[in-house]
Amino acid sequence: MRGSSRFDAAQLKNAVRQHRSARQMTQAELGLMIGVSRKTINTIENGVFVPSTILALKLASAFDVPVEELFSLAE
Amino acid sequence: MRDKIEALHRYQRFSLVAVCCAVLLVVTFGIHAIVTTAFPQSAAAEFFRAHQASLLAAQLVGAIALAGWLALLKLPQGFLRDPQIASSLNDERTKESAALAYRNAFYAVLLCQGIAPFLLANSASAHAVWMLALTTLLVGIATYAVSYAVYAWV
């Protein structure tokens, strides 16, 4: 998230916002669905917070897509 | 789902207010104690004596408790026992924020232990050791609370 993780955040691209918008879900609804706060979803979407593998898998499961479709390394 | 989200937002707003009040309380108490003990003849000490900072702090405690009761009364039954709510209130970002705030507080305490003795040596206080302990505690708590608030909410 901060400090050394800020570098990691710049390396990670994500498509969480696109998938969430496509399903017409709010950040709060998605957060509650996978058991995290609205702020966590917001910071993931904005590339500030790098989620753990468990959280990435939960997000992929919530959208029913492979995790590679949500997260990828920036070129 | 909507009800849960609204209750969650209300609870988080109350938590934010409670943390801000707690920081204000700790800082007020701490500065009051340091100023009146180390610099009893200063204008700041005179100000605290005139305005009864401890009375203000006691009123703040009462206000926080009252606000807490009101907020909790409005929450649905079993709010905090709901697994989804409990999980979202203590997610990995929250835990990371707490860990980073703890790290900052640790460094602040180390820094305070290095600087405070020199400052207190010039204050001619009869309670230098007590003042050093109090200052360290105040710096540690305030740094933790402010860091946590910044990491968690900004």
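In this predicted model, helices α5(B) and α6(B) run roughly antiparallel to each other. Two packed helices are described by the angle between their axes and the distance between the axes. For this pair, α5 covers residues 92-121 of chain B and α6 covers residues 128-153 of chain B; their axes come within 7 Å and cross at roughly 150°. Because angles over 145 degrees count as roughly antiparallel, the pair falls into that class. The crossing in which α5(B) passes α6(B) is right-handed.

Elsewhere in chain B, helix α3 spans residues 53-74 and contains L73(B). This leucine has a relative accessible area of 63% and is therefore exposed, since the term applies to values over 50%. L73(B) also contributes to a nonpolar surface patch of about 510 Å², which it forms together with L66(B), W69(B) and L70(B).

Helix α1 of chain B, residues 2-38, includes D3(B). The relative accessibility of D3(B) is 60%, so this aspartate likewise counts as exposed. Although D3(B) and K74(B) are 71 residues apart along the chain, their C-alpha atoms are separated by 11 Å.

Attention now turns to chain A. Its secondary structure consists of six helices and two strands, arranged along the sequence in the pattern α-β-α-α-α-α-α-β. Chain A has 75 residues, of which 48% are buried; a residue is placed in this category when its relative accessible area is under 20%.

Definitions and conventions
Residues are numbered from 1 along each chain as its sequence is written. Chains are lettered from A and ligands numbered from 1 in the order in which they are written. This is a predicted model: local features need pLDDT of at least 70, side-chain atom pairs count only at pLDDT 80 or more; totals for chains, interfaces and linings use all residues. Side-chain values use heavy atoms; hydrogens and water are left out. Patches are made of residues with over 30% relative accessible area and no salt bridge: like charges are joined within 9 Å, nonpolar side chains (Val, Leu, Ile, Met, Phe, Trp, Tyr) within 5 Å. Accessible areas come from the Shrake-Rupley method with a 1.4 Å probe; for residues, only the protein chains shown count as cover. A salt bridge is a side-chain nitrogen of Lys or Arg within 4 Å of a carboxyl oxygen of Asp or Glu. Helices (H or I, at least four residues) and strands (E, at least two) are DSSP runs, numbered from the N terminus. Buried means under 20% relative accessible area, exposed over 50%, partly exposed in between (1.4 Å probe, protein chains only). Axes are lines fitted to C-alpha atoms, for helices over the stretch in contact, and angles run from 0 to 180 degrees between N-to-C directions. Angles under 35 degrees count as roughly parallel, over 145 as roughly antiparallel, 65 to 115 as roughly perpendicular and the rest as oblique. A crossing is left-handed if the near helix is turned anticlockwise from the far one by less than a right angle, and right-handed if clockwise.
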